[in-house]
Amino acid sequence: MPTAPASAAPADLVIDYECRGTGPASIAKYAPVRLRTRLTFATDLVVGGALDLKWSLAYKDASRFTSPGYYVGGAQMNVMGNVQISGSWQNILQPTGATTITQGLQLDKELPLPAGISDPGLLNKPGVIRIEPKDIVVDFAPPSGEANVNDGNDTDNPHGHVIDYSLGDWTPIINRPGSEKHIHNDYHETTKQYAWAELKFIGTGVQYIGPRDHEGGPVSIEIDGEARGTADPSRDAVGDPVNEVHNGGHTLWEVRDLPYGEHKIKIANASTKKAWLDAFRVITDTSKIPPNNQNFHRATCTIVSAPVSVEVTVKDKPGSSPSGTPSTPNPTPTTPTPSPSTSTSQPGHNNGGNNNNHHNNDQTVADKLVMVHGNVATTTPTATPKPSAGPTATNYVAAQVKKTPFGGVPSGEAPEASRQPHVLLAGGSVLLLGSAAGGVVMRRRRATHAGNRR
């Protein structure tokens, strides 16, 4: 019956983490976020193979990473684990994984986790290694684009959550005809001077969106508490008065040169004429995000369950030669010749000056044959041949066939000498005498049977 080679069961570690914000606008806004993870890897490891770490991730309870702002589809969740490798070799493996969020995001919307992270590490030498999981880092990568922030009754724009209005100063106008081109067919209106509305956002710019209407008046605008200009919905882009009525969807004012980060826009009615707010449009230009802001939304997760580690043995590759000599599939027998002994060690190991060829002393290992998976390696004496003062001595090696039959293949050995005939002659005489004695006995018995007649 065919048999399959046995293999060790894979390691399966369950590890719980707590994640807290380490960036200025972390996705772990409502910390801590708790994760339950499972780290698995094979334990029957061989040189030349890979230590392939597979790490699955899931939320442990109701805590969640949440969107730090408003974004179009295309944001990414990036996760990087850290695994300490110690023992025969030192390293940090960092399995990574990512998931792309295709739909747009509103502030505080739940963020999905990658299904798993992985990282294969090449095993380049045998030994015993300890595998110990460490911290996990979670990053949010925003996409470039423009995301509308509108206050309405739609599921992607929950009422009363995204834009703050001065209390009692604004009237929501809903269910407007689509021909007016308002975002989500609604807007807010006020006639009170100094009535304000504001939005906190993360991005590199923002637009003030509203209708053009001949009844409108000037609106003052602040960014991060600093006055930045005014917008007048009763005039067009070049400052000429308009005769339009509730012509929605226009960009009345914008800024695009903000450093990526958290900002606040505030508008206020600068007169007693009508003022409108349809939406704010948040702009994110990722090309303007400096390298030192790449961890702006980072969360760092630390182990809260009992620390775990696993020791595994990395075996040498089957068929490798202990002496470090490249193995050949069908070695040709050769006659050893004396040569100075040299000490070799396994590739990748520092033997510290000790011979690692399966002996731990300085004794010469002469004519020792080491078989390794069909490959032959020989060790040679340490003695160095000295030159002879006389004629060169010839060393004869006995042939493999001990006795060569007559007519056989010449082997360099003299034919066997002929044997003497004395033994054969003696044997023939004994046989002849035995035959004669037997004949006499037979004749006597025949005579008796016949009444002694001859």
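Reader: What share of the contacts in the protein with a separation of 6 or more comes from residues 24 or more positions apart?
Author: In this predicted model, residues 24 or more positions apart account for 76% of the contacts with a separation of 6 or more.

Reader: And how many helices and strands are there?
Author: The protein has 25 strands and 1 helix.

Reader: How much of the protein is buried, and what does the accessible surface come to?
Author: Of the 454 residues, 35% are buried, and the accessible surface comes to about 27400 Å², with 53% of that area belonging to carbon and sulfur atoms.

Reader: Let's go inside, then. Which residues have the most contacts inside the largest nonpolar core?
Author: The largest nonpolar core has 48 residues, and those with the most contacts inside it are Leu-35, Phe-41, Leu-51, Trp-55, Phe-65 and Met-77. The elements that give two or more residues to this core are β1 (11–21), β2 (33–41), β4, β5, β9 (127–141), β22 (299–303) and β23 (310–315). There is also a second, separate core of 27 residues, which includes Val-149, Val-162, Val-206 and Tyr-208.

Reader: Take Phe-41 from that list; where is it, and is it buried or exposed?
Author: Phe-41 sits in strand β2, and because its relative accessible area is 2%, under the 20% limit, Phe-41 is buried.

Reader: What does Phe-41 touch, not counting residues up to four places away in sequence?
Author: Phe-41 touches Pro-10, Ala-11 and Leu-13, then Leu-51, Asp-52 and Leu-53, and also Ile-131, Val-310 and Val-312. As for Leu-13, which is 28 residues from Phe-41 along the chain, the two C-alpha atoms are separated by 9.1 Å.

Reader: Leu-51 turns up there; what is it in contact with, leaving aside neighbours within four places in sequence?
Author: Leu-51 is in contact with Phe-41, Ala-42 and Leu-45, with Ile-85 and Leu-93, and with Asp-119, Pro-120, Gly-121, Leu-123, Ile-129 and Ile-131.

Reader: Changing topic: how many disulfides does a search of the whole structure find, and which residues are joined?
Author: The search finds 1 disulfide, and it joins Cys-19 to Cys-301 with an S to S distance of 2.0 Å. Cys-19 lies in strand β1 and Cys-301 in strand β22, so the link ties together parts of the chain that are 282 residues apart in sequence.

Reader: What about its handedness, and are the two cysteines buried or exposed?
Author: The link of Cys-19 and Cys-301 is right-handed, with 105° about the S-S bond, and both Cys-19 and Cys-301 are buried.

Reader: How do β1 and β22 run, and how many bridges join them?
Author: β1 and β22 run antiparallel and are joined by 5 bridges, with Glu-18 standing opposite Thr-302 in β22. β22 is also joined to β9, again antiparallel, by 3 bridges, and there Val-138 has Ala-299 of β22 as its bridge partner.

Reader: How many residues of strand β14 are buried, and which strands pair with it?
Author: Strand β14 (residues 196–203) is mostly covered, as 6 of its 8 residues are buried. Strand β11 (residues 164–165) pairs with β14 in the antiparallel sense over 2 bridges, with Asp-164 opposite Glu-198. Strand β19 (residues 261–269) also pairs with β14 in the antiparallel sense, over 8 bridges, and here Leu-199 stands opposite Ile-265.

Reader: On to the loops: where is Ser-67, and why does it count as buried?
Author: Ser-67 lies in the loop between β4 (50–59) and β5 (75–87), and Ser-67 counts as buried because its relative accessibility is 1%, where the limit is 20%. A polar atom of the Ser-67 side chain lies 2.8 Å from the backbone oxygen of Gly-69. Beyond its neighbours within four places in sequence, Ser-67 is in contact with Leu-105, Gln-106, Leu-107, Asp-108, Lys-109 and Leu-111.

Reader: What is the phi of Asp-108, and where does that residue sit?
Author: Asp-108 has a positive phi of about 70° although it is not a glycine, and its place is in the loop between β7 (96–101) and β8 (116–122). Asn-185, also a residue other than glycine, has a positive phi near 60°, and it is found in the loop between β12 (171–173) and β13 (187–190). At 30% relative accessibility, Asn-185 counts as partly exposed.

Reader: Last one: which residues does a cis peptide bond join?
Author: A cis peptide bond joins Ala-31 and Pro-32, with omega about -5°, and Pro-32 is in the loop between β1 and β2.

Definitions and conventions: Residues are numbered from 1 along each chain as its sequence is written. This is a predicted model: local features need pLDDT of at least 70, side-chain atom pairs count only at pLDDT 80 or more; totals for chains, interfaces and linings use all residues. Side-chain values use heavy atoms; hydrogens and water are left out. Helices (H or I, at least four residues) and strands (E, at least two) are DSSP runs, numbered from the N terminus. Buried means under 20% relative accessible area, exposed over 50%, partly exposed in between (1.4 Å probe, protein chains only). A polar contact is a pair of N or O atoms within 3.5 Å; within protein, one must be able to donate a hydrogen and the other to accept it, and residues adjacent in sequence count only if both atoms are side-chain atoms. Contact means heavy atoms within 4.5 Å. A nonpolar core is a set of buried Ala, Val, Leu, Ile, Met, Phe, Trp, Tyr and Cys residues joined through side-chain atoms within 4.5 Å. Two strands pair if DSSP finds at least two bridges between them. Accessible areas come from the Shrake-Rupley method with a 1.4 Å probe; for residues, only the protein chains shown count as cover. A disulfide is a pair of cysteine sulfur atoms within 2.5 Å.
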